[in-house]
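Let's take a walk through this protein chain together, starting with the whole and ending at a single residue. Have your viewer ready.

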Amino acid sequence: IATHLKGTFTVFRAAAAAMREQKSGTLIGFTSGAYAGSVAQANYSAAKLGLVGLINTLAQEGAKYNIKANALAPIAATRMTEDILPPEVFKKLTPEYVAPVVAYLCTEEVPDTASVFIVGGGKVQRAALFQNEGFTFGEVPSVDDVAAHWSQIDDLSAAKHATFTLG
């Protein structure tokens, strides 16, 4: 958490101050596919999902200054992945496949902000958090009320990008 989340926050705080003055800029954080959870890596996964929350917030706060914030989850050839990936996949997981995506995200033409991209070996994917319409109770629900509406609460078939709103 100190390295991945606080370290990124500290760099972003300094960079965002300069970007606010120039009224433009791009912040790119590096997360991991582990943000969705990873066995025996609770601290790492928490830090990487925290980084996603950080870029989402900075994208909202930076919008009025023309500052964009996105995250990359690079898939890399490392000692940790060497034994679990087929050799033909492992040898393609080089920085050369990631760098052009980073460079493109820094251009003015990119409309995306508050986005996460998984990048590696030639494949680029967008990942996102989703939420559904859910169900709104008119009064404090009982456990039975919750159970009765659980199918609506749980249904993601018409889910949209997650945003925090009350009401």
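How many positive and negative side chains does the protein chain have, and how far apart do the centres of the two sets lie? There are 13 positive and 15 negative side chains, with 11 Å between the centres of the two sets. Please keep in mind that this is a predicted model.

Now for the overall fold. The protein chain contains 7 helices and 6 strands, and along the sequence they follow the pattern α-β-α-β-α-α-α-β-β-β-α-α-β. If you draw a box around the C-alpha atoms along the principal axes, its dimensions are roughly 55 × 45 × 30 Å.

Next, the packing and the surface. Of the 167 residues in the protein chain, 28% are buried. Taking contacts between residues at least 6 apart in sequence, 62% join residues at least 24 apart. The accessible surface amounts to about 11000 Å², and carbon and sulfur atoms account for 59% of that surface.

With the charges and the burial in mind, let's zoom in on one residue. Lysine 68 sits in strand S2, which covers residues 67-74. Is lysine 68 buried or exposed? Lysine 68 is buried, yet has no salt bridge. Its nearest side chain of opposite charge is that of glutamate 108, 5.7 Å away, while a salt bridge is counted within 4 Å.

What surrounds lysine 68, leaving aside its neighbours within four places in sequence? Lysine 68 is in contact with Gly25, Thr26 and Leu27, and also with Glu108, Val110, Pro111, Asp112 and Thr113.

Technical notes:
Residues numbered from 1 in each chain as written. Predicted model: local features only at pLDDT ≥ 70, side-chain atom pairs only at ≥ 80, totals over all residues. Heavy atoms only, no water. Helix = DSSP H or I, 4+ residues; strand = E, 2+ residues; numbered from the N terminus. Buried < 20%, exposed > 50% of the residue type's maximum accessible area, 1.4 Å probe, protein only. Contact = heavy atoms within 4.5 Å. Areas by Shrake-Rupley, 256 points an atom, 1.4 Å probe, with all protein chains shown as cover. Lys, Arg positive; Asp, Glu negative; His and termini not counted. Charge placed at Lys NZ, Arg CZ, Asp CG, Glu CD.
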